[in-house]
Protein chains: 2
Amino acid sequence: MSVYKIRYGTPEEIVPSKFAPAPKCEIIEGMPEGAEGMIFSTSKRGVEVLIPVDADAGIYGFGLQLKRVQHRGRKKMIRPNADPSGDTGDTHAPVPFFVTNKGFGVYVDTARYASFYCGRELRPENAGAIDNENDTSPDVEGKDASNIFDTLYEVRKGGKNSFVTVEVPIAEGIDIYYITGDSIRDIVAQYNMLSGGGCMPPMWGLGCFYRCDMKFRDDQVLDIAHQFREKDIPCDIIGLEPGWQTRAYSSSFVWNPTNFPNPQETVNALRDDHFHVSLWQQSFIHPTSPLYEPMIEYSGDYLVWKGLVPDFALEGTKKVFGGYMKDNLVSMGVDGFKLDECDGSDFTGSWTFPNCAKFPCGADGEQYHSLFGTLYQQTLTEALGNQRTLGEIRNLGSLAASYPYVLYSDLYGHKDFITGVVNSGFSGLLWTPEVRHAENRDDLIRRIQATVFSVQALVNAFYLPEMPWEKHGCTDEVRELFRVRTSLVPYLFNAFYDYHTTGKAPVRALVCDYQNEPASLDIDDQYLFGDSMIVAPIISGNTERDVWLPAGEWYDFFTGEKFEGGVHHRAVSHIPVYVKGGTVLPVAEPVNYIERETVFDITLRAYGEVSDDAFCTLVEDSDDSYNAEYTVHKITKGTGGKLGNRYNIVGVEEIK
Amino acid sequence: MSVYKIRYGTPEEIVPSKFAPAPKCEIIEGMPEGAEGMIFSTSKRGVEVLIPVDADAGIYGFGLQLKRVQHRGRKKMIRPNADPSGDTGDTHAPVPFFVTNKGFGVYVDTARYASFYCGRELRPENAGAIDNENDTSPDVEGKDASNIFDTLYEVRKGGKNSFVTVEVPIAEGIDIYYITGDSIRDIVAQYNMLSGGGCMPPMWGLGCFYRCDMKFRDDQVLDIAHQFREKDIPCDIIGLEPGWQTRAYSSSFVWNPTNFPNPQETVNALRDDHFHVSLWQQSFIHPTSPLYEPMIEYSGDYLVWKGLVPDFALEGTKKVFGGYMKDNLVSMGVDGFKLDECDGSDFTGSWTFPNCAKFPCGADGEQYHSLFGTLYQQTLTEALGNQRTLGEIRNLGSLAASYPYVLYSDLYGHKDFITGVVNSGFSGLLWTPEVRHAENRDDLIRRIQATVFSVQALVNAFYLPEMPWEKHGCTDEVRELFRVRTSLVPYLFNAFYDYHTTGKAPVRALVCDYQNEPASLDIDDQYLFGDSMIVAPIISGNTERDVWLPAGEWYDFFTGEKFEGGVHHRAVSHIPVYVKGGTVLPVAEPVNYIERETVFDITLRAYGEVSDDAFCTLVEDSDDSYNAEYTVHKITKGTGGKLGNRYNIVGVEEIK
């Protein structure tokens, strides 16, 4: 398991690694053994890298792709786009990193819209010394027209002279990070450590999150918050949408005095009722904003919505823009942000700057698009000072694992959203399949099931005056789902601690852990939730699905029913969730909100044959700051009683 | 009405004009008056051109866009793509040409994937001396959150410092053609004359066209052809799909002996029954093809479907590849081709070459993608010798007006297909909303209505063993629609003659002729069919629609009902088609096929108040070759009897 850095030519100045935190892994300079078949070249087009791949290699990654998990045979152009409707590589969060099931992954350190051709065949005389194993190319002889469409699709598998062809426009050189490892999970973990390790949210950030109607006045916000407590529905964070500002497209960053005459009182009232407070914003600065004049010198040359585009790579921006957020919003008790529109609505409206825009830091518009979300959240994270958070953002990119922001989208296809959950774990990203409106009761429940089993359990009701479950008459079911969520927060917090310290993604595709089982290779609608659970959401509109389980024994999380590995046809009203046999799973008594004083009463569920020394861990932090100290409690099924300040083991439940 | 050529820097070698026919218009070198506000620059990104536009200018063009007619405020990246699912500029046939309703259009002579930002605002200090008229930007003061989404969408209209920003990657210089004119119609006509004038199909090419099931054997093809004659349904061309070959993905270009043991006999039988014969192909050369070995030296460095990618820019390819088609297919009586897959299925499969591929002519993959369809059809057109044709193709691009090929798509959204009809006329392209399967009877009829009122009346039954109207039990209605089509062939042939000699597109958006009526500016679902008819297809799934008619009197083509200009709500079973008051419309007695001996019996329909010297024209050609001589018959409502060899005026019908 190693990370190699291969430099070719002279890389550009503006690259993701320049703005990323320090790597937390060893980096070996130079070409690794076994990778000598790579071919580098430059032309007026930019840099081209050919990376040999076996004909049967699976290829994963490229960021928050919503249409496909396995990219073999496909072209992906790594382009940020707010409305990625096709399977082209466009996404809210593109990442020039891919990982194979053949022991390696490749990160290309560029802020350019690089193209990856995931397995193309050169004419033999152009392919150099390459002679890949496992040529699965179709027999060229003997087929006639009866199977014309077979051959059409067959070739995608690749042939003898297959490469991943990477094109990086404009650049005259490039740094490639070639990462080796025994499993996709371990290779991605190394990529995440190269990114500075995974983020560590405060525990409350993993609780339940509700964003209010953008038209709400202060009393309406407080009323909906009150309803959560009154109806006994867990909720940790209340978010305000654009309407808190006087102008939002572009943003004024000033409280709207009509709807929020006393914002400090509103924030206080929410905090007193044990809510954290998150404010929506997008970064373009409206002419009426007090930030407009002071930010002129720190902005790009194009306007968006008549507003300035801040250059977040500059120290001046961090000081002026970040300072404003700190002095005016963080100081009053706001401890989270939702950062909208930084993914570039290039093709939606005129809601972004051109790729040829110029920024004072030296980036052009293309590079700035790739870095926009990353730099924006760095400024806001700094404005929050030493408070950990878990915010929302619509763009991230390379080397982003350490950032405490979860991606979301204005798209709303439920299948796409689940594919997003699966894919996010390949590229150091967090993603929520957030819930907005629902077509009907079933749609709402299916969507809430999926968000509850994701890194951020988020309901974004920004155009809904009432809680959506009220409308659909399923408050009891939804309450129960949120309670399940809070019961798993200690388990999930532990998974984040692993992410933070080892790079292992808390939510990831099955192929990450089970690549030796061929059935795992193309699964795009199931995922690991922590190390011990497999989640297989039923897509809205369906009442049943097939589930694939790896070899071994698995247990239904809700019913305890036992399954052998293989494919199961499932017709269920709840969400299919499975726990691996041999697991000690810590399940907490649900709580309505999480504070530092909260002590979780934990029942240990022992699934199947659990030996006496089989264990799980539970992590507690000393505070919500970045300097927190962590205690890792090792727990066997014999553990009982109070552990540290956070956990109280109240019993064991054997499930066989 | 003038065409100016403005050179900046040193343009690339491989540009569309290098491969285009000689212009048929005067070209003035240098900057026109009124265009001095353009700003040119270069950087390592390539060439950038800023073109000032009024805040309220409409912007049209960019080739076969299927999602939108008016592009103001949008970004379009001019990228060929076989599956353009979003509104991004991707299309089968991208063209770096746009036209405004402010007296000018701009063609950018590049084979690069240029980006057009159609109205972006620079910060005033970056905008130079520009101070555009008609700033429609929203008031920046006084709005509060209640109308946040208003301001979101309002800004798209543009502000004081608005430009079309054009980015041409890689290039170090560029030729821009700046075309002035009083109307969009005239500006586009000039662009088409710059392209060598519009194409002039043989009259049979405008008849009805049926493509057979790809699995058909020879007897099944002859049977379906026979059914047309037996059932009295007009048909001029029979097309064969991939199954005629031994291998199709990639192509062998060899008749499949199982299904077509005696291809010459099959072709002869079709020709004897008055059908023209069109063969499907795609250009990638299968290893088993007799063309493989001789074409190795004339091909690019990547394989597609294991096949060679011919470099059609080379004389050698024209000789070897074109010569093969001539000697083996044209010689046996084939007189049309359908050229598939040349649009690049970049994002669909691995069914094309990368943008960094290298071709012997010196083009890279990006440039070759932009030129692929153009060069491919040039080779096939040459192979056909001196026979005019009207084929099908899935990619064209710049300066393509003179090419006798109609675009089609594997997409099938009916609304998108109608938008394609409207847009094709802005960019020198022909497009057919071809009919394949249908959901139901109504779907089939709506789709056939639209294809009948397009440049190519095409049913592509490549996966349908029976004629689709048999399945849906509407043979009589469909026969009637095809008969209407043949009754308008003389009228349409006349419109093509205008296209050929003046550049005026035969099918075009209403805004081309009526830009002074603001209601025309955004219409994306009605079009002019020739000079005198407006077609407003009812999109499949609907039974009614609104129709906008320009000022003046209009008459329903089918019923003769009179309408005043304005908006009408229409609920109809047929397709809404209108004829302009004052028109003499030549309507032929339907024929089942068109031969050189065919004489059209024409009834002159005089709509509304038609003065004695009001006239239309009818054109006849001396033969189907490129050297044909044309006779233009001027016809008033007093004209009668035989005219030349083609037309016989049998009567006048007054419609008031």
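The largest cavity of this predicted model is lined by 26 residues, of which A:Met77, A:Pro169, B:Met77, B:Pro169 and B:Glu366 lie nearest its centre. A cavity is here a set of points, on a 1 Å grid over the protein atoms alone, where a 1.4 Å probe fits but cannot get out, and lining residues have an atom within 4 Å of a point. Two or more lining residues come from each of strand S6 (75-77) and strand S10 (162-169) of chain A, and from each of strand S6 (75-77) and strand S10 (162-169) of chain B. Helices (H or I, at least four residues) and strands (E, at least two) are DSSP runs, numbered from the N terminus. About 500 Å³ of space lies in the largest cavity, the volume being the space filled by probe spheres set on grid points that are joined across faces, edges and corners. In total, the structure holds 17 cavities of 30 Å³ or more.

Residues are numbered from 1 along each chain as its sequence is written, and chains are lettered from A and ligands numbered from 1 in the order in which they are written. Local features need pLDDT of at least 70, side-chain atom pairs count only at pLDDT 80 or more, totals for chains, interfaces and linings use all residues, and side-chain values use heavy atoms, with hydrogens and water left out.

In chain B, six strands form an open antiparallel sheet in the order S19-S20-S21-S24-S22-S23, where pairing requires that DSSP finds at least two bridges between two strands. Strand S19 (507-509) and strand S23 (562-571) of chain B are the edge strands, each pairing on one side only. On average, neighbouring strands of this sheet are turned by 25 degrees against each other, direction ignored; the axes are lines fitted to C-alpha atoms, for helices over the stretch in contact, and angles run from 0 to 180 degrees between N-to-C directions. Three antiparallel bridges link S19(B) to strand S20 (residues 527-529) of chain B, with B:Val507 opposite B:Phe529 in S20(B).

B:Phe600 belongs to strand S26 (residues 600-607) of chain B and counts as buried because its relative accessibility is 0%. Buried denotes under 20% relative accessible area, exposed over 50%, and partly exposed the range in between (1.4 Å probe, protein chains only). Among the residues that B:Phe600 touches, those up to four places away in sequence not being counted, are B:Met203, B:Thr486, B:Pro490 and B:Arg646; contact means heavy atoms within 4.5 Å. B:Thr381, in helix H8 (residues 365-383) of chain B, is likewise buried, at 15% relative accessibility. A polar atom of the B:Thr381 side chain lies 2.6 Å from the backbone oxygen of B:Gln377. Residues up to four places away in sequence again left out, B:Thr381 touches B:Pro404, B:Tyr405 and B:Tyr626.

A:Ser250 is placed in the loop between strand S13 (237-240) and helix H5 (263-272) of chain A. A:His274, which is not a glycine, has a positive phi of about 70 degrees; this residue lies in the loop between H5 and strand S14 (276-282) of chain A and, at 25% relative accessibility, counts as partly exposed. Phi is also positive, near 50 degrees, at B:Trp305, a residue of the loop between helix H6 (292-295) and helix H7 (315-328) of chain B. At 2% relative accessibility, B:Trp305 counts as buried.

How values were computed: Polar contact = N/O pair within 3.5 Å; in protein donor to acceptor, adjacent residues only side chain to side chain. 1 Å grid on protein atoms, 1.4 Å probe; cavity = no way out; pocket = protein on both sides within 12 Å on 5 of 7 lines; lining within 4 Å.
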